[in-house]
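Here is a short report on one protein model. Look over the sequence and the structure first, then read on.

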Amino acid sequence: MDYDQVRGVDPAVADALAGERERQENTLAMIASENHVSEAVMQAQSSELTNKYAEGYPGERYYAGCERADEVEELAVERAKELWGADHVNVQPHAGTQANMAVYLAMLDPGDKILSLELEHGGHLSHGHPANFTGQTYEVEQYEVDPETGYIDYEGLYDRAERFDPDIVVSGYSAYPREVDFERVQAAAEAADAYHLADIAHITGLVAAGVHTSPVGVADFVTGSTHKTIRAGRGGIIMCDEEYADDIDASVFPGAQGGPLMHNVAGKAVGFEEALSPGFEEYARRVVDNAEALGSRLQSHGFSLVSGGTDTHLVLIDLRESHPDTSGTVAEEALEEVGIVLNKNTVPGETRSPFNPSGIRAGTPALTTRGFDEAACERVADVIYRVVDNPDDEAIKAEAASEVEALCAEFPLYDREGRITDVE
């Protein structure tokens, strides 16, 4: 893509866009919440629907001229229902956080109680962090993972729910590498007479493909992101039983948002259609297999993984045992220098600042989209080891950069026709 139209109007932005495409082609995206969408999804998101206001819902819009917008949104909703088996779906949230906000607004009053996982144990800001609107609007207590195993302490969650008496219990996490037992969380919520919100932002694609257990039909509400492992248009989604449909829809619009981003809804519809294809289940399985291979290889180099491994698309590396003098920030910056883009991350029992934490988080969705197999992910693990072990050694980093360059050439992001390698 040459961005000729943009360049004719704004060369500076055209240069930035071309540079971003080059960056993505020539680096390895290992931030667990990132992926590469197809040209079909990108084309939908840059379509004429960006011009259309469509406040309201199909058949009940506040503006005229919404016939095509209605068609697109209905397609996105029906495909989502098929993918996840949900009774009711709202595809209008601009992001996963806005999806969570809509559930809270629909079901809670200010000052009500939320029980969620501690952020440094793998939770998310929108689950109750004091810097987020949730922590400022609601009373929040948090449960933890077992410090010995790194797995969610379900018994502790149950006990905390009995003592705290929450109005809603939140499951689903941003840095938890193990499969979630949604039934056990549901039991804790029921014992406290609370709602259960399952936030599957990271694992939407894994759930859709059946390689992770589904909370749909278990939890009262399921929210998610639509641009991570599901590889569709950027945004959020809410799923629930019909009994909550009206409250949820009203909470999204007019409660939390104005008009939907219809071009993004179009991207969701196209991405959901791709996920309904026979090859998507194999893609999701390879995401998990690649994460397991990455994690096992890192362990062979002496790295400590939170919970000892992974069942999902990510590994969480605790550097305190293997590299006590190297922070997650130092590791992140050294790896970015050689072309591996992942993120620093807090770990359970964190002893550093969250701005300079003790861990790094690495995911495989985007690598898998490029066609990486388990052997290639093991090669990536070898590079990560060498760089983290020697973050100040320029010669080693130069060798690592050459290996990353070779991997990018071997597994190109785009084919000769400029299409994303794995999606078409």
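Accessible areas come from the Shrake-Rupley method with a 1.4 Å probe. On that basis the protein chain exposes about 17,500 Å². Carbon and sulfur atoms supply 45% of this area. Keep in mind that this is a predicted model.

**Overall build**

The protein chain has 17 helices and 15 strands. Its C-alpha atoms fill a box of roughly 60 × 60 × 40 Å, taken along the principal axes. How does the radius of gyration of the protein chain fit with a compact globule? With 424 residues, such a globule would have a value near 22 Å; the protein chain has 21 Å, which agrees.

Buried residues make up 55% of the 424 residues.

**A covered strand**

Now turn to strand S10, residues 236-240. Five of its five residues are buried. In a regular strand the side chains alternate between the two faces of the sheet. In S10, both faces are covered. Gly-236, Ile-238 and Cys-240 are buried on one side. Ile-237 and Met-239 are buried on the other.

Which strands are joined to S10? Strand S4 (residues 88-90) is joined to S10 by three bridges, and the two run antiparallel. Strand S9 (residues 221-225) is joined to S10 by five bridges, also antiparallel. Met-239 takes part in both pairings: Met-239 is the bridge partner of Val-89 and the bridge partner of Val-222.

**Salt bridges**

Side chains of opposite charge can pair when their charged atoms come close. A salt bridge here needs a side-chain nitrogen of Lys or Arg within 4 Å of a carboxyl oxygen of Asp or Glu. By this rule the count comes to 19 salt bridges.

| Glu-141 | Arg-160 | 3.9 Å |

Start with the pair Glu-141 and Arg-160. Glu-141 sits in strand S6 (residues 139-143) and Arg-160 in helix H7 (residues 154-164), 19 residues apart. Glu-141 is partly exposed, because its relative accessible area is 30%. Arg-160 is partly exposed too, at 25%.

Is Glu-332 buried or exposed? Glu-332 counts as buried, at 15% relative accessibility. Lys-344 counts as partly exposed, at 28%.

Glu-337 counts as exposed, at 52% relative accessibility. Lys-397 counts as buried, at 6%. Elsewhere, salt bridges that share partners join Arg-61, Asp-70 and Glu-73 into one network.

**A nonpolar patch**

Which residues make a nonpolar surface patch of about 400 Å²? The patch is made by Tyr-53, Tyr-62 and Tyr-63. Tyr-53 is in the loop between helix H3 (39-45) and strand S2 (56-57). Exposed means over 50% relative accessible area. Tyr-53 has 53% relative accessibility, so Tyr-53 counts as exposed.

Key
Residues are numbered from 1 along each chain as its sequence is written. This is a predicted model: local features need pLDDT of at least 70, side-chain atom pairs count only at pLDDT 80 or more; totals for chains, interfaces and linings use all residues. Side-chain values use heavy atoms; hydrogens and water are left out. Patches are made of residues with over 30% relative accessible area and no salt bridge: like charges are joined within 9 Å, nonpolar side chains (Val, Leu, Ile, Met, Phe, Trp, Tyr) within 5 Å. Helices (H or I, at least four residues) and strands (E, at least two) are DSSP runs, numbered from the N terminus. Buried means under 20% relative accessible area, exposed over 50%, partly exposed in between (1.4 Å probe, protein chains only). Two strands pair if DSSP finds at least two bridges between them. The radius of gyration is taken over C-alpha atoms; the globule rule is 2.2 Å times the number of residues to the power 0.38.
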